[in-house]
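Have the viewer open as you read.

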Amino acid sequence: LHVVKTRQVTYSVLNHLIDYIQNLEKVGLLEEKEMLHLHDAVQSDLKRLLRNPPLVKFPKISDLISAHPLLRELPPSVREPLELSTKEIMKLSGVTLYREGSKPSGIWLISNGVVKWTSKSIRNKHSLHPVFTHGSNLGLYEVLIGKPYMSDMVTDSVVLCFFIESDKILSILRSDPAVEDFLWQQSAIALSRILLPQIFEKLTMQDMRALIAERSKMTTCLRGEIIEIPYHCIGFLLEGFIKTHGLQEELITPPAALIPSQGNLSFRSAETSGVEAVSFSHQGSCYLVETRARVIIFDIAAFEADKAVVRRTSSLFSHSSDQPHKSLSREHGNLMSWPEHFYKARQQKQNSEETDRKANSLSARAMQLSIFGNM
């Protein structure tokens, strides 16, 4: 079956390549002699494919399971029993994983493919790309809090995923407080993209994991305590009940996004306009805890600053490598540009040294979070 599938896919790709070559000739980018040469090369590949179909090595399912970010970070004593009880499932496009309002039966770990979410209760028009890709965990928040699923999850492509039953997840919560905190943190990944897509949808899954590892703080507060949301942060109420602190008290139930109302935030531009109309979102700097509450707070401004430093360092490296080619080019330059090139090179060297020091101060933990994306 693997050989048949591989032959079908390869045959389809080569046929598309023939059409692409013919289109290049029509628009004048290829001469007839070049087009015939490429066409013959593709035809020889097709003949070779029919004579000897390639063999495909599929990765072991156990390797895919253990490579998922959610399971990879768990201690071996907890991870191994979960891996043994995990069910591998392949879903075609358009299949519903779970529906909004249904009782949470378990969580879905996306190994490959794209899943799209929709919701009737969360009326949010700010979501441009309501999808979750590989490395996502779906349904974890609902399993932890014991509430019905918040949205419909429907596959948007062929999806390889793993299913873990709710009982298995709940059983490991009592094994270690650190494991419990880790699972609540991981549940905030999907929650933040659903409640505040205008802010978190632009972040990749790798960025979200780095944000949680480096720029988040989760606290558990008791009744009567005050929760403060700094002007450069965004919080999420994961469990418990809180009230707005002020003249007009409003009871807030989980899940809820807590957005600071004061301050001139660099990350709150036009993207967050109209956030008052978004369900499950509240603006305010202080909240009074009614019952034991769990809140996670993201330092968005600091995370954006970290990303800017890394981008600037990468840009400087690429510019410095391109500089010799630019200075040697006689087609697009003249003698008048030489002093400017020398000045820019000196300026880039100084900036590079400064940004290198800043980039090296970033935790190695965040750098390791890209392993799953490159597997």
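## Helix 8 against helix 10

Which residues in helix 8 meet which residues in helix 10? On the helix 8 side they are Gln 185, Ile 189, Ser 192 and Arg 193, and on the helix 10 side Met 205, Met 208, Arg 209 and Ile 212. Contact here means heavy atoms within 4.5 Å. Sorted by class, the residues of this contact are four nonpolar, two polar and two charged. (Nonpolar covers Ala, Val, Leu, Ile, Met, Phe, Trp, Tyr, Cys and Pro; charged covers Asp, Glu, Lys and Arg; the others, Gly among them, are polar.)

A word on the source: this is a predicted model, where local features need pLDDT of at least 70 and side-chain atom pairs count only at pLDDT 80 or more, while totals for chains, interfaces and linings use all residues. Numbering starts from 1 along each chain as its sequence is written, and side-chain values use heavy atoms, with hydrogens and water left out.

Back to the pair: the axes of helix 8 (residues 177-195) and helix 10 (residues 205-214) come within 10 Å and cross at roughly 130°. Axes are lines fitted to C-alpha atoms, for helices over the stretch in contact, with angles from 0 to 180 degrees between N-to-C directions. Helices (H or I, at least four residues) and strands (E, at least two) are DSSP runs, numbered from the N terminus. Helix 8 and helix 10 are therefore oblique to each other, since angles under 35 degrees count as roughly parallel, over 145 as roughly antiparallel, 65 to 115 as roughly perpendicular and the rest as oblique.

## Helix 7 against helix 8

The axes of helix 7 (residues 166-173) and helix 8 come within 8 Å, crossing at roughly 130°. That pair is therefore oblique too. Helix 7 brings Ile 169, Ile 172 and Leu 173 to the contact, and helix 8 brings Val 179, Glu 180 and Leu 183.

## The proline bond

Which form does the peptide bond from Pro 254 to Pro 255 take, and what is its omega? The bond is cis, with omega near -5°. Pro 255 sits in the loop between strand 13 (251-252) and strand 14 (256-259).
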